[in-house]
Amino acid sequence: MNVRVVYSRSIRYRVRSMARRKKPALSSRKQPQQERSERMVADILEASIRVLRREGALRFTTIRVAEEAGISVGSLYQYFPNKGALLFRLQRDEWAATFTLLDGLLFDLTRPPVERLRRAIQAFFRTEQEEAALRRALSDASALFEDAPEVQAHQARAQARVQQFFGEALPHRAPTEVAFLTDFFLLALGAIAEKVTDRKPSPRELERWTAATVELLCSHLERLQRPAD
């Protein structure tokens, strides 16, 4: 088995063990009301990303983040009560950015469905490559918040929007078939993109994987768009 996979699983197990001892509060302690406060929150989040990329999930602490941001731990705790809340905010922001990007591409009604799907897949691979280190670290830390209602709500929202896209692209197909295609698409795209970007491919290699995935999924959609015999 790949050494990186074993190491990553070990990290997730240790983080999960810590999460089971005490479920951290995930909501921010207070919302910034003034420009100075907003700037501080932005500084904290930017420092958190740098620490997470550099140190990884296991060595990520609020002390290190405060030092990186040049503030006291007490100032950090005014906005984030613990590292779980901080990591969840980073994950939530990453999800929101990806969701907004892909949602805009999938529901661009000026283009046909297959072209929209192609552009969405290409964009997803691009973002996965650009944020690979951050994504891996957040994946390792996910045990701190994986059961949170906010996470389930995000997943349900993404699932519903992708299913809506396929439903509109395949109006003659049964809802059960559309639901299956949605699961297939999300699992296939996520698994392929994750495995490929974890290999740290060259731009040419990434382009080949992206093109192959586009061919696989878009060709499948094109076949399903044909009237059933």
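Me: Contact here means that heavy atoms lie within 4.5 Å of each other. On that basis, what do the buried residues of α8 pack against?

Reply: In this predicted model, the buried residues of α8 pack against α5, α6 (113-130), α9 and α10. The residues concerned, each under 20% relative accessible area, are V151, A158, V162, F165, F166 and A169.

Me: Which residues of α2 are buried, and what covers them?

Reply: S37, V41, I44, L45, A47, S48, V51 and L52 are the buried residues of α2. They cover an arc of only 170° around the axis, which puts them on the same side of α2. Their cover includes α3 (62-69), α4 (73-77), α5 (83-106) and α7 (132-141), while the face of α2 turned away from the buried side carries the exposed residues E35 and R36. After the helix comes G56, with a positive phi near 85°.

Me: Why does R64 count as partly exposed?

Reply: Buried requires under 20% and exposed over 50%, so R64, at 26% relative accessibility, counts as partly exposed. R64 lies in helix α3 and, leaving aside residues up to four places away in sequence, touches V51, E55 and R59. From C-alpha to C-alpha, R64 is 8.5 Å from S48 in space, the two being 16 residues apart in sequence.

Me: Why are α9 and α10 called roughly antiparallel to each other?

Reply: The axes of α9 (residues 175-198) and α10 (residues 203-225) cross at roughly 175° and come within 11 Å. Angles over 145 degrees count as roughly antiparallel, and the two helices are therefore roughly antiparallel to each other. On the α9 side the contact has E177, L181, F184, F185, A188, L189, I192 and V196, which meet L206, W209, T213, L217, H220 and L224 in α10. By class, this contact has 11 nonpolar, two polar and one charged residues.

Me: What makes the phi of K200 worth a remark, and why does K200 count as exposed?

Reply: Most residues other than glycine have a negative phi. K200, however, is a residue other than glycine with a positive phi, near 55°, and it is found in the loop between α9 and α10. Exposed means over 50%, so K200, at 64% relative accessibility, counts as exposed.

Me: How many helices and strands are there in the protein chain?

Reply: The protein chain has 10 helices and zero strands. Of its 229 residues, 42% count as buried, and among contacts between residues at least 6 apart in sequence, 73% join residues at least 24 apart.

Terms used: Residues are numbered from 1 along each chain as its sequence is written. This is a predicted model: local features need pLDDT of at least 70, side-chain atom pairs count only at pLDDT 80 or more; totals for chains, interfaces and linings use all residues. Side-chain values use heavy atoms; hydrogens and water are left out. Buried means under 20% relative accessible area, exposed over 50%, partly exposed in between (1.4 Å probe, protein chains only). Helices (H or I, at least four residues) and strands (E, at least two) are DSSP runs, numbered from the N terminus. The arc is that of the directions from the helix axis to the C-beta atoms. Axes are lines fitted to C-alpha atoms, for helices over the stretch in contact, and angles run from 0 to 180 degrees between N-to-C directions. Angles under 35 degrees count as roughly parallel, over 145 as roughly antiparallel, 65 to 115 as roughly perpendicular and the rest as oblique. Ala, Val, Leu, Ile, Met, Phe, Trp, Tyr, Cys and Pro count as nonpolar, Asp, Glu, Lys and Arg as charged, and the others, Gly among them, as polar.
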